[in-house]
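Here is a short report on one protein chain. Keep the sequence and the 3D view at hand as you read.

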Amino acid sequence: MAGVTTSCSIQPFKQPISLSAFQSKLSHLHLDLPNSSISRGCRITCRYGGGGGGGGYSRQGDSRRPKPPADEDPALDISSIRSSTVRLIDEEQNMVGVVSKTAAIQMAKDAELDLVILSPVADPPVVRMMDYNRYKYEQQRKKRDEQRKSSVHRVDQKELKMGYNIDVHDYTVRLKAAQKFLKDGDKVKLIVNLKGRENEFKNNAIELIRRFRDDVGELAIEESKNFRDRNMTLVLIPNKAILQQKETPKKKEKSTGTEISVTASVSP
């Protein structure tokens with residue numbers, strides 16, 4: 001008879017076990033084989049960790065590299081510097097000079113400060129002693145202040161649409177809205193859209209836009225205009241010089257009224 005090769009399988013372990021426990025289980029394994037000519041080897045197939053896919057670990061070892069902690073800052077990883085010397089800057093931003101990396105680490109420890117990498121690609125790398133948490137806090141605060149200032153000075157653009165044959169009431173509403181937007185410091189974009197055969201009245205639309213520009217008056221400065229497309233546009237920006245002149249008299253009137261009221265209260 002031909003030799004018989006028997007293959008048996010062990011069910012996946014629900015929990016990881018040690019190698020010694022695995023060998024112990026194999027030693028107690030009983031194979032009930034028929035009395036026949038069989039090969040000497042019994043092939044046992046098993047899977048450590050159980051289940052398929054990427055959930056388990058390979059018996060040959062886990063090839064995945066451990067990820068660095070999320071809060072680890074590369075600027076503080078002095079071990080990444082391969083050079084034996086560094087160019088050190090002290091807390092007052094004074095240049096100490098080229099010292100050994102070990103000496104720089106010790107000096108930072110003695111001063112109870114962090115040793116921060118400023119330029120890792122320099123020769124030798126540049127490091128500085130500082131309170132790194134305080135430095136990051138000041139940088140974040142400076143960034144917030146800059147964002148706040150940019151938002152204050154940001155100019156929004158308001159769009160106003162009208163037809164070439166707009167009636168008087170709607171025209172007046174849009175004109176007042178444009179004047180309000182300009183006083184608030186916003187841009188105004190006027191759009192006159194010509195549809196289909198309305199393109200024949202293009203001259204009427206251009207005349208309307210010029211009239212609107214004149215009615216807005218000195219509150220605005222013309223930034224750009226486009227009369228070539230069907231969507232004809234006019235962009236107006238606030239005239240800051242005129243707006244400032246109008247704000248100044250109001251302040252003077254308020255101060256004058258205060259002085260009169262004070263004088264009246266003092267008189268018998």
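A nonpolar core is a set of buried Ala, Val, Leu, Ile, Met, Phe, Trp, Tyr and Cys residues joined through side-chain atoms within 4.5 Å. Buried means under 20% relative accessible area; exposed means over 50%, and partly exposed is in between (1.4 Å probe, protein chains only). The model is predicted: local features need pLDDT of at least 70, side-chain atom pairs count only at pLDDT 80 or more, and totals for chains, interfaces and linings use all residues. Residues are numbered from 1 along each chain as its sequence is written, and side-chain values use heavy atoms, with hydrogens and water left out.

**The chain as a whole**

The chain has six helices and 10 strands. These are DSSP runs, numbered from the N terminus: helices are H or I with at least four residues, strands are E with at least two. Of the 268 residues in the chain, 23% are buried. Contact means heavy atoms within 4.5 Å. Among contacts between residues at least 6 apart in sequence, 57% join residues at least 24 apart.

**The sheet**

Four strands form an open sheet in the order β7-β8-β10-β9, with mixed pairing. Its edge strands are β7 (157-162) and β9 (220-226), and each pairs on one side only. Two strands pair if DSSP finds at least two bridges between them. Strands of a sheet pair through backbone hydrogen bonds, either parallel or antiparallel.

Look now at β10 (residues 231-238). Six bridges join it to β9, and the two run antiparallel. β9 and β10 form a hairpin with four residues between them. β10 also pairs with β8 in the antiparallel sense, over six bridges. Some bridge partners are listed here.

| Residue | Bridge partner in β10 |
|---|---|
| Ile 221 | Ile 237 |
| Lys 225 | Leu 234 |
| Ile 191 | Thr 233 |

Why is β10 largely enclosed by the rest of the structure? Six of its eight residues are buried.

**Helices on the sheet**

Helix α4 (residues 168-183) lies across β7, β8 (187-193), β9 and β10, and runs at about 170 degrees to β7. Helix α5 (residues 202-216) packs on the sheet too, touching β7, β8, β9 and β10. The direction of α5 makes about 10 degrees with that of β10. For these angles, axes are lines fitted to C-alpha atoms, for helices over the stretch in contact, and angles run from 0 to 180 degrees between N-to-C directions.

**The cores**

Which residues touch the most other members of the largest nonpolar core? They are Phe 212 and Val 216, in a core of 25 residues. The elements giving two or more residues to this core are β7, α4, β8, α5 and β10. Helix α5 supplies the largest share, six residues. Apart from this core lies another, of 12 residues, among them Ile 81, Ala 108, Leu 115 and Met 129.

Phe 212 lies in helix α5. It counts as buried because its relative accessibility is 0%. Leaving out residues up to four places away in sequence, Phe 212 touches Leu 160, Met 162, Tyr 171, Arg 174, Leu 175, Ala 178 and Leu 190. Phe 212 and Ala 178 are 34 residues apart in sequence and 9.7 Å apart in space, C-alpha to C-alpha.

**A buried charge**

Arg 128 is found in strand β6 (residues 126-130). Arg 128 is buried yet has no salt bridge. A salt bridge is a side-chain nitrogen of Lys or Arg within 4 Å of a carboxyl oxygen of Asp or Glu. Asp 90, the nearest side chain of opposite charge, is 6.6 Å away. Lys and Arg count as positive, Asp and Glu as negative; His and the chain ends are not counted.
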